[in-house]
Amino acid sequence: MERAALIRTISSSSLACNRFLFSSPRLARSFLSKSPVVTSRRHYYRLIPNVTNRFLPRRGLRRFCRLSAASQSSSLRFSLSNRHFSSLATRAVASPSTQGSPEIAGVNDEVVEKFGFEKVSEQFIGECKSKAVLFKHKKTGAEVMSVSNDDENKVFGIVFRTPPKDSTGIPHILEHSVLCGSRKYPLKEPFVELLKGSLHTFLNAFTYPDRTCYPVASTNTKDFYNLVDVYLDAVFFPKCIEDFQTFQQEGWHYELNNTAEDITYKGVVFNEMKGVYSQPDNILGRTAQQALFPDNTYGVDSGGDPKVIPKLTFEQFKEFHRKYYHPSNARIWFYGDDDLSERLRILSEYLDMFDASTAPEESKIAPQKLFAEPVRIVEKYPVGEGGNLKKKHMVCLNWLLSDKPLDLQTELELGFLDHLLLGTPASPLRKALLESGLGDAIVGGGVEDELLQPQFGIGLKGVSEDNIQKVEELIMSTLQKLSEEGFDKDAVEASINTIEFSLRENNTGSFPRGLSLMLRSIGKWIYDMDPFEPLKYEKPLIALKARIAEKGSKAVFSPLIEKFILNNPHCVTIEMQPDPEKASHDEAAEKEILEKVKASMTEEDLAELARATEELKLKQETPDPPEALRTVPSLSLDDIPKEPIRVPTEIGDINGVKVLQHNLFTNDVLYSEVVFDMSSLKQELLPLVPLFCQSLLEMGTKDLTFVQLNQLIGRKTGGISVYPFTSSVQGKEDPCSHIIVRGKSMAGRAEDLFNLMNCVLQEVQFTDQQRFKQFVSQSKARMENRLRGSGHGIAAARMDAKLNMAGWISEQMGGISYLEFLQALEEKVDNDWDGISSSLEEIRQSLLSRNGCLLNMTADSKTLTDTEKFVSKFLDLLPSNSSVERVSWNARLPPNNEAIVIPTQVNYVGKAANLYETGYQLDGSAYVISKHISNTWLWDRVRVSGGAYGGFCDFDTHSGVFSFLSYRDPNLLKTLDVYDATGGFLHELEMDDDTLTKAIIGTIGDVDAYQLPDAKGYSSLLRYLLGITEEERQRRREEILSTSLKDFKEFADVIDAVKDKGVSVAVASPDDFEAANKERSNFFQVKKAL
């Protein structure tokens, strides 16, 4: 998954701030993330973290996920900024839990029979301490996996096999549309009502190239079953198949506001996909997939090609639902500690209404036959005009590895091979490519096995045209050499430890474990294979380790390289060429089509289209009647705990350094953070901090090369990461700014963990000029990619930098200012390496000190006690500077409206102001109000009516900055007008008690976000750094629970500060900015970024 350098460790979103204040951010992490340097291929989703398919996480295939206002705030805006979470690779062997198998209640055969099911198979899965039962619904043939254990984070999912025949995006549009009202819940969007008033820990839907998934999760049993019922009714009995306007809204339609204007295309999925097709990495991924699979369903785009989407008819849309959204074609998953009988009862109410269908046969995925010879494809992608195009080419080699699904053992071996080749900065294929100087960053996802047949892809971007062939030759020669010579013994050991630790720790962050297991199981189950098999890694892992021990790693991995890559003719080479005219050509082609459409219409046709446009907008902007809203089940305030979730925290002292300890069960894993004060750092050194952090982990010491150090970390620990953390602190002028060193290990490896932390911090030498130059190129490539795909984050950071000091600091380390710094630094590395090396050392000298240091540990009490002696030794080795002098960083960017110009088909529009500077005093009701604005006003006006993929607001309660943001937005000034009208919306707002209660409950659901033990300890650390007390948490919770309509009305005047005093930043195309500045004279100051 593509991850950018930090913008803000702490998000400015209201929901993210809730989580820092009350819990912690939702960490987007996979079981085993590759380093953030690796760019993913065919991977597209925002809410969903990168998740594993079988055993190992893949750089996932394209998934299109419904973007909720909640997900926008919590995950979308800063999902790419939490680099330190996702890059904390797990690298050590974890011991299996010593706890015995739990007593899990089953269900007797009479109950199974009563509800119309038969039991196909029952197994105990020791790897996840669960009893799993596969049922089959007798009448329809629907299959149900019921996984029972003691996990309170319950998960339900229903998955349909949905193979498209063309690139109209029909599975994707249907995924959006079925959640827009159903038989039992006849309102516009029950999905949004669930977002408003549920305690869900996961709520979304997403589309793969061949299947569509509808998962939900909650820790509250009543809430969980409410979610399940709404989703079951939505998929089986949606209103959309009878409502042409839903198809228009979510898919596509012609829009004409008056007959004198031009006709335009609108539609949520249409605009989403225009954004996707603006990103070079996505264009590369789609081209590669379709070229690898020219003869089956993977040869088209399930998400939809914007050029093809307007060919989709409503009749085709309805027929697709009729054919594939049937119980006979469904795979249904339950997981957690709820009652198994109740699961079957709920399902029987729906499934019994259907008879068996032929859908399972019609939806089968035909395998792609292997090519007899390789294929080469040249494709163009849009770049900005006037830039240097010399090093803008991309090249990627892609193989289809087999003409049929692989067995479990081979899949596991390929997963290990993938990690050996690309999984760490020291991996030989990755290292060879990046050290070659032939390109800036890796492209290609390595091994991907989420489809019927596995693939492997690898390449480089930022390549000169005359180096394309050299890249291809380097890939092949490196693989040939590895096949002949094998891998380094320490590398194999580190890789085994990494993967085994990852599997046993099973740390999915905030992503529900049950959903991660579901996606693993579905990867086989959806193709009519064994759903249990992917959950059981123990035996194949033992067998693989035994083979390596007996025959050596070369005997295991070399045949895989030879068979699946070197001697495999099914290879597609994709060369991507930059084209500064492509974006304008695409826009002109679309305009020409629409002009022909208009020219073919009579005056009566045009008048009817304008009327239909107005009718659709009226429907979109008309609230649901109270009686429809009441159909959606919800909790009451009596179901909500009155006190916040508390994390056990003991504050102590070791060698004069403050230590926070959290006594929690962690399955014998120690999680630790060492925090250093950054406030003594010179202002001009701030942009170097992200590269300093990377250098600590990816340069060598006097005695160890960086490869040896990387392998040592992999063999001895669960991973070490280093990153900056910056936030405003409520009530203080000076920001909270730190460097955090984060690591984990098994309890028995605690000494190794702290020894290696010390090695990384104090012994690494900043002497490798060429490696540092690679870091700069990689970082620049990531930032450029982020600008295209996550422009909302860039806009948000830029606005923060104009409004508060912490925002300015963060933007220096992860915004447009950072990109400009990197562009200048590329030349400086060659001309003044000694100066840069000295600056890196100066940063280390400024940071490393026992004074101002803080240590945080999360583990069970015995581990915490046993670890203190190693902590003491670690702290003794730190320098003891007499005092830390704070440096004044009093800087902000000019508060002007700014237009950041990039080649894109969609916009990212922001506006923000500091509410504290108007005299506003924080009240907990602000969390409820900001969430309600996102889920109602902005959802309806920016997304539903405006056609953007997302519209939301964020309130950073630490700095006081309130921000509006849109995502993949066809509009610019119209969206700013919506933001400015928010105060009027609040003034005129009427809410009944049910609506207000839902808003409060939904906010509490964000506040009480589900956390694993490491996240609990980390969130407690953040609260300590930000000075947030338990008393304040309790007070804010009480204010949330007592929010009234009066609070909404009073906040209306406060939020008008954004309209009156706010700054606007937008990321968009040159044409849109020119049009905006023409309509409002010189409204934006233009800044060209790409």
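Author: A residue is called exposed when its relative accessible area is over 50%. This is a predicted model.

Reader: Why does Q469 count as exposed?

Author: Q469 has 54% relative accessibility. The cut-off is over 50%. Therefore Q469 counts as exposed.

Reader: Where is Q469 found?

Author: Q469 lies in helix α16, residues 468-485.

Reader: What is the strand order in the open sheet?

Author: Six strands line up as β17-β18-β22-β19-β21-β20, with mixed pairing. On average, neighbouring strands of this sheet are turned by 25° against each other, direction ignored.

Reader: Why do β17 and β20 stand at the edges?

Author: β17 (650-654) and β20 (720-727) each have a single partner strand, so one side of each has no neighbour in the sheet.

Reader: How do you know that β18 and β22 pair?

Author: Pairing needs at least two bridges. Strand β18 (residues 657-663) and strand β22 (residues 854-859) have six bridges, in the parallel sense. L660 stands opposite N856 in β22.

Reader: What makes helix α24 a helix that packs on the sheet?

Author: Contact means heavy atoms within 4.5 Å. Helix α24 (residues 689-698) touches β20 and β21 (736-746). The direction of α24 makes about 165° with that of β20.

Reader: Which strands does helix α37 touch?

Author: Helix α37 (residues 1013-1025) touches β17, β18, β19 (669-677), β20, β21 and β22. The direction of α37 makes about 155° with that of β22.

Note on methods: Residues are numbered from 1 along each chain as its sequence is written. This is a predicted model: local features need pLDDT of at least 70, side-chain atom pairs count only at pLDDT 80 or more; totals for chains, interfaces and linings use all residues. Side-chain values use heavy atoms; hydrogens and water are left out. Helices (H or I, at least four residues) and strands (E, at least two) are DSSP runs, numbered from the N terminus. Axes are lines fitted to C-alpha atoms, for helices over the stretch in contact, and angles run from 0 to 180 degrees between N-to-C directions. Buried means under 20% relative accessible area, exposed over 50%, partly exposed in between (1.4 Å probe, protein chains only).
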